[in-house]
Amino acid sequence: MGVDSITGLYDFNEFLNRAKAHISKYASQYAIIINDVSNFKYINKFYSKQTGDVFIDDMARYYLVGNPRSVCACRIDAEQFATVLDLGDIHIDNELKRIVWMNEEFEKVMNNKFPDIYIHVYTGIYFFSDTNVDLREAFDKAKMAKASIKGKLDIPYKVYDPNEFINKENEMEASNLFRKAHQEDRVVAFLQPQFSFKDKKVVGAELLSRIIDEEGDIVEPRYYISTLEQTGIISTLDKLMTEKAFAILRRWEDEGRDLMPISVNVARQEYVKPDFVKRMKDLQRMFNVAPKYIEFEILESSFLENSDLILKTTNELRDFGFQVSVDDFGSGYSSLNQIATIPADTIKLDKKFASKSLKTEKGKVVVKSLIRMLKDIDYKIVFEGIETEVQYELARDYECDLIQGYIIDKPIPVSKFEERYNKQHRQRD
């Protein structure tokens, strides 16, 4: 059993287990409460680490230890605590009055003790009576309520209201969906083929993620990618998908299939991590796949920030033999001056060029000229979002190298991609 070394409270997992055991046995009105205190770091800084530890222990004892309503409690991190209260027949309004009184009394004592530091307690609350509640989600809702009043010293507490936090709740659901799917190996790879006009066949593919939910239905990226980007969880997805790309290529070679480049999306925050290039080299050596078959797709906006880290990573990847492409090119406001300095191999034209620009005569001239210019400075061109015969013919006439879109195929499971575009043609040696 894990306990906190300063307060003796449970660690988070034990906290969840004990709360769940109690709630499943006793039907009641419950509250999960998260308390956070302002300016704690200055107690450590201006006084001492030992004084800070005493403060934390005092806070735990005041709010949590010996509270007859507390089912269990835990210290979340430095100055945050969570507790589950069994309110029995106590009215919610009375509990809220008690919370206000306790906060005010604690603040009064601590502000007298530390007159140079302003102490304020932020409290987030989630009330529930469902004995089957997902306690982790209940915890997240209380934490969400607390976070919404951080820095607002005139608000004594915040009760979670689903109507007020609907967008945040959707984000939380998406995060939980991915987290659980990742744990249960339900995040899978799909491939969308890339067709070459020169070779008149599929010569590559973009790897895209899909989540299989608990009912077996496919959840598309638009429902979770933006949330993962905002929360930083996107790095976990990128690592998973990159490894899947290497594993697919390794299996293709072992099974006697043609090797063709697989491109995989990488978020900027993952791409610029100090160990990113090393990890990619380690994967290449582990799977023993020629690096030229792995292409990393980075959004145009990341390149145009002209970050030294972006350029450094790109150059190191290409020097090793990997390919790098600029994804969604033209979706923003590209700088023609910077385009020529981007050290990439491929430009992927944003699908808006196909859906909008190719519908007007002026737009066609712009697209044709853009493709010619990019090819003149030695970029390979992939035109995304090609869905109609007219778009197909224009992309061919404008001498695009590759096209990607529904006119060729939608993103499909790896097994279907292999059946249609990459069948075994020889036995292993």
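This is a predicted model: local features need pLDDT of at least 70, side-chain atom pairs count only at pLDDT 80 or more; totals for chains, interfaces and linings use all residues.
**Cavities**

How many cavities of 30 Å³ or more does the structure hold? I found two. The largest cavity has a volume of about 90 Å³.

Next I listed what lines the largest cavity. Among the lining residues are Ile33, Asn35, Tyr63, Leu64 and Asn67. Thr83, Leu85, Arg98, Ile99 and Met102 also belong to the lining, as do Asn103 and Thr123. By class, I noted six nonpolar, five polar and one charged residues.

Which elements give two or more residues to this lining? They are strand E1 (30–37), strand E3 (80–86) and helix H4 (92–113). H4 gives the most, with four residues.

**Histidine 120**

Histidine 120 is in the loop between H4 and strand E4 (121–128). Is histidine 120 buried or exposed? Its relative accessibility is 4%, so it counts as buried. The cut-off for buried is under 20%.

I then looked up its partners. The side chain of histidine 120 makes a polar contact of 3.2 Å with the side chain of glutamate 107. Setting aside residues up to four places away in sequence, histidine 120 touches Asp36, Val37 and Ser38, among others. Glu107, Lys152, Leu153 and Ile155 are also on that list.

**The largest pocket**

I turned from cavities to pockets. The largest pocket has a volume of about 1,400 Å³. It is lined by 46 residues. Which of them are closest to its centre? I wrote down Glu206, Leu208, Pro221, Asn265 and Lys351.

Strand E7 (residues 201–212) gives the most to this lining, with five residues. I also sorted the lining by class: 18 nonpolar, 11 polar and 17 charged residues.

**Nonpolar cores**

I looked for the largest nonpolar core and found that it has 74 residues. Which residues have the most contacts inside it? They are Leu207, Phe296, Leu317, Leu349, Leu374, Phe383 and Ile403. Helix H8 (residues 234–254) gives the largest share of this core, nine residues.

Then I picked leucine 374 to see its surroundings. Not counting residues up to four places away in sequence, leucine 374 touches Phe329, Ile339, Ile347, Leu349, Tyr379 and Ile381.

**Threonine 346**

I looked up threonine 346 in strand E12 (residues 346–349). Why does threonine 346 count as buried? Its relative accessibility is 1%, and buried means under 20%.

What does its side chain join? I found a polar contact of 3.3 Å with the side chain of glutamate 295. Glu295 is also on the contact list of threonine 346, which leaves aside neighbours within four places in sequence.

**Glutamate 399**

My last stop was glutamate 399. Where is glutamate 399? I placed it in the loop between helix H16 (389–397) and strand E14 (402–404). Its relative accessibility is 54%, so glutamate 399 counts as exposed. The cut-off for exposed is over 50%.

With neighbours within four places in sequence left aside, glutamate 399 is in contact with Ile371 and Lys375. I also looked up its separation from valine 187, 212 residues apart along the chain. Their C-alpha atoms are separated by 36 Å.

How values were computed:
Residues are numbered from 1 along each chain as its sequence is written. Side-chain values use heavy atoms; hydrogens and water are left out. A nonpolar core is a set of buried Ala, Val, Leu, Ile, Met, Phe, Trp, Tyr and Cys residues joined through side-chain atoms within 4.5 Å. Buried means under 20% relative accessible area, exposed over 50%, partly exposed in between (1.4 Å probe, protein chains only). Contact means heavy atoms within 4.5 Å. On a 1 Å grid over the protein atoms alone, a cavity is a set of points where a 1.4 Å probe fits but cannot get out, and a pocket is an open set with protein on both sides within 12 Å along at least five of seven lines; lining residues have an atom within 4 Å of a point. Grid points are joined across faces, edges and corners, and a volume is the space filled by probe spheres set on the points. Ala, Val, Leu, Ile, Met, Phe, Trp, Tyr, Cys and Pro count as nonpolar, Asp, Glu, Lys and Arg as charged, and the others, Gly among them, as polar. A polar contact is a pair of N or O atoms within 3.5 Å; within protein, one must be able to donate a hydrogen and the other to accept it, and residues adjacent in sequence count only if both atoms are side-chain atoms.
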